[in-house]
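The sequence and model come first.

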Amino acid sequence: MPSSQNPPEKMMFQLTLRRRGISDQAVLRSMEEIPREAFVEVADRANAYRDSALGIACGQTISQPFVVAYMTEQLQLQKHHRVLEIGTGSGYQAAILSRLCSQVLTIERYRTLADGARARLRKLGCGNVEVVLGDGFDIPASAGSFDRIIVTAAMERIPEGLTQRLDPGGMLIAPVGPQQGVQTLVRILRTETGFERKELVDVRFVPALPGVAREL
Ligand code: SAH
């Protein structure tokens, strides 16, 4: 009998991630420990462990679990890393990251989403995540620099101002491409002498839009 800790849909969730190629044990553990049902709309709770994106408030989406796991694995996080996320949404990706690094700063342009994510993350005890209402295209200089940057909304191109926020040895992952059409996950590594760019897989994200949203 599966225990209440591990209902069949959660076991399938892990199996699907493994079958699709996620092998980093720390990433799998974080995906297992963070309850995705706490981040989806109440009406979608029964679908929380399906491998699909779901709608959240403000016309946005919580990403597909495989894509969350894949991006997290590609980031090669270390315990001491300071991470910037652009596009808090539900806060799910930030919660997954929080188990694997020392500090997460996550930026969201909708107040409703930022407030909701902050409350969920607090309730789950993710004390190393700071949720800020703001524009990911305009990060204040006071935010400093980061070991890792993860963008979870599609950008037509990666702003130079963002890659400049990487520490040497730092890495950024972002979906790059048109709002309607094929976007590609791009990984940028900051070396001692410059930047190395690698294209990973094709994805579909909601667009990154400039400015803090005027609606809630
Ligand atoms: N990582 C989220 C899903 C992201 S959906 C999760 O785990 O649930 C993309 C989010 O990026 C949306 O909430 C959208 O409002 C936000 N976004 C888009 N452009 C932005 C910008 N310029 N700055 C900050 N957030 C932005």
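## Contacts of Arg 109

Beyond the neighbours within four places in sequence, Arg 109 is in contact (heavy atoms within 4.5 Å) with Leu 133, Gly 134, Leu 209, Pro 210, Gly 211, Val 212 and Ala 213. The model is predicted: local features need pLDDT of at least 70, side-chain atom pairs count only at pLDDT 80 or more, and totals for chains, interfaces and linings use all residues. Residues are numbered from 1 along each chain as its sequence is written, and side-chain values use heavy atoms, with hydrogens and water left out.

A polar atom of the Arg 109 side chain lies 3.3 Å from the backbone oxygen of Leu 209. The backbone oxygen of Pro 210 is 3.4 Å from a polar atom of that side chain.

## Position and burial

Arg 109 sits in the loop between strand 4 (103-108) and helix 5 (111-123); helices (H or I, at least four residues) and strands (E, at least two) are DSSP runs, numbered from the N terminus. Arg 109 has a relative accessible area of 18% and therefore counts as buried (under 20% relative accessible area, with a 1.4 Å probe and protein chains only).

## Strand 4 and its partners

Five of the six residues of strand 4 are buried. Strand 4 runs parallel to strand 3 (residues 82-86), joined by five bridges, and Leu 84 stands opposite Leu 105. Strand 4 also pairs with strand 5 (residues 129-133) in the parallel sense, over five bridges (pairing requires at least two DSSP bridges). In this pairing, Val 104 stands opposite Val 129.

Note on methods. Buried means under 20% relative accessible area, exposed over 50%, partly exposed in between (1.4 Å probe, protein chains only). A polar contact is a pair of N or O atoms within 3.5 Å; within protein, one must be able to donate a hydrogen and the other to accept it, and residues adjacent in sequence count only if both atoms are side-chain atoms.
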